[in-house]
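Hello,

Here is the structure I promised to hand over. Please have a look at it first, and then read on for what turned up.

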Protein chains: 2
Amino acid sequence: MNEQVNIIKEQVIAEETPSAREQEVLSVVLDLMVEEGDGFSMASVARRASCSKETLYRWFGDRDGLLTATVQWQASKVRMPKLDGDNLTLEAFAETLNEFAFSWLTVLTGDVSIALNRLAVSHAGNNKSSLGRIVLENGPFAMRSRLLPIFLMGHKASIITVQGDEAFRTFFGLVIADVQIRALLGDDKRLSKKQIEKFAQRAVEQFLTLCGSKQ
Amino acid sequence: MNEQVNIIKEQVIAEETPSAREQEVLSVVLDLMVEEGDGFSMASVARRASCSKETLYRWFGDRDGLLTATVQWQASKVRMPKLDGDNLTLEAFAETLNEFAFSWLTVLTGDVSIALNRLAVSHAGNNKSSLGRIVLENGPFAMRSRLLPIFLMGHKASIITVQGDEAFRTFFGLVIADVQIRALLGDDKRLSKKQIEKFAQRAVEQFLTLCGSKQ
DNA sequence: TTTTTATCGTACCGTACGGTACGGTTCGGG
DNA sequence: CCCGAACCGTACCGTACGGTACGATAAAAA
């Protein structure tokens with residue numbers, strides 16, 4: 001009975017809101033992930049976080065639990081962008097998409113995102129790990145959830161002719177293209193802010209050419 | 001002196017043309033990679049290939065050498081598609097792109113490609129492994145090398161208005177979109193042949209809308 | 001003040017795996 | 001026919017790491 005309560009409490013704490021001390025640990029894990037990929041040991045985490053391995057295992061269960069908590073914590077830090085109201089001009093719509101695309105590309109090419117996606121990809125094969133699922137839902141699927149309402153508004157305002165998955169797929173491809181897979185595979189060429197701006201702008205132009213109402 | 005010659009010969013053999021027996025081993029590695037990702041052991045390779053671990057190490061040096069040889073071998077199996085001559089109509093050009101896109105998507109969503117890319121991505125962080133480089137060059141970069149001449153021909157025939165990296169990036173995005181990253185992250189939804197056909201066709205239509213000469 | 005709880009640091013254990021060594025067998029060349 | 005090279009199967013070694021146990025310490029609870 002009491003055990004049950006404690007277990008439930010721990011789960012809630014771990015999945016919803018890590019304590020300050022726990023966040024210190026998760027931050028260390030994130031750093032190590034950027035530095036060494038999946039190769040870091042539990043001992044290295046404990047050492048750098050100045051905590052004992054026993055504490056790690058009590059808080060997070062096992063290594064996979066620690067990784068899961070880290071990924072979920074990072075995902076929770078990404079915030080939804082503000083949505084426009086009903087004052088939908090073509091320019092405002094395009095500008096919203098432009099900001100979105102720029103922000104998206106900036107995040108995707110960041111060290112943390114690359115490390116996280118590498119980890120998730122490499123764990124996606126092992127069926128006894130849900131990291132792939134988590135990153136999938138907090139990455140592509142979350143972007144989709146944010147974009148669909150925007151596309152719907154644009155559609156209702158007769159700015160674009162398509163919406164839903166059709167629009168999302170097109171937008172995704174035009175914005176991301178080969179940027180993410182090249183980064184994941186370790187391509188040396190890093191995009192500058194200027195280039196990202198250019199890519200985002202060009203992608204939005206192309207998207208509006210394809211999906212915009214002809215007039 | 002004699003050692004040098006042997007070393008060089010070994011390298012050439014290993015990188016260029018694995019023997020039949022070696023190819024059996026590499027095939028086993030490919031299978032294990034699909035089944036277990038990066039987790040398989042050298043012992044499991046030796047067991048399934050009915051060879052000794054000592055032989056594995058003599059042929060491939062170490063585990064990384066075995067993985068590298070496997071990736072290179074797989075890459076060497078992909079063949080260039082036939083290029084059209086000078087009879088360039090819009091229909092022929094579109095059909096070539098269509099076939100290319102269909103084939104590309106089919107390969108990318110296959111088990112072997114997914115396993116290979118997962119491996120390369122997870123090794124791309126560790127700087128003491130060139131797997132990411134190899135897959136990058138035999139994946140995206142190789143596709144680019146094949147497409148650029150096609151785009152150039154289309155440009156010279158006034159079928160499309162752009163060429164080079166601009167055209168490649170657009171085509172890549174429209175064709176691949178979120179398919180590869182979703183597959184790598186373990187999305188359950190597998191594309192059917194019908195869906196791939198539809199995606200390829202739609203992508204080519206969009207590409208020609210964006211980059212085709214208006215007439 | 002005493003007791004309990006949580007944590008730290010360290011030591012420890014078992015296992016899995018990369019890499020090596022070796023005896024036995026096959027097979028092609030002299 | 002014999003010799004040596006290549007190879008198989010197995011055993012072996014060292015290490016690294018996941019996970020556990022334990023004593024020490026400090027703070028909170030009683």
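**What was found**

Glu22(A) is partly exposed, because 19 other C-beta atoms lie within 10 Å of its own, and a residue needs 20 or more to count as buried. Please keep in mind throughout that this is a predicted model. Glu22(A) sits in helix H2 of chain A, which covers residues 20-36.

Next, the layout of chain A. How is chain A divided? Domain 1 covers 2-67 and domain 2 covers 78-211. The C-alpha centres of these two domains of chain A lie 30 Å apart. Their contact takes 7 residues from domain 1 of chain A and 9 residues from domain 2 of chain A. On the domain 1 side of that contact, H2 and helix H5 (63-77) of chain A are the elements that give two or more residues. H2(A), the helix that holds Glu22(A), brings the largest share of this side, with 3 residues. By type, the residues on the domain 1 side are 4 nonpolar, 1 polar and 2 charged.

Further along chain A you will find helix H7, made of residues 111-124. From its first C-alpha to its last, this helix of 14 residues reaches 20 Å, close to the 20 Å expected at 1.5 Å a residue. Is H7(A) mostly covered or mostly open? Mostly covered: 12 of its 14 residues are buried. Among them are Ile114(A), Leu116(A), Leu119(A) and Val121(A), and also Asn117(A), Arg118(A) and His123(A).

Finally, the DNA. How many residues surround DNA strand C? There are 16, and the closest come from both chains: Cys51(A), Ser52(A) and Thr55(A), along with Ser41(B) and Asp62(B). Three helices each supply at least two residues of the surface near DNA strand C: helix H4 (53-60) of chain A, and helices H3 (42-49) and H4 (53-60) of chain B. H4(A) gives the largest share, 4 residues. The residues of this surface divide into 7 charged, 5 polar and 4 nonpolar.

Best wishes

Note on methods
Residues numbered from 1 in each chain as written. Chains lettered and ligands numbered in written order. Predicted model: local features only at pLDDT ≥ 70, side-chain atom pairs only at ≥ 80, totals over all residues. Near = placed C-beta within 6 Å. Nonpolar A, V, L, I, M, F, W, Y, C, P; charged D, E, K, R; others polar. Expected span 1.5 Å × (residues − 1). Domains from an automatic or database assignment. Contact = placed C-beta atoms within 7 Å.
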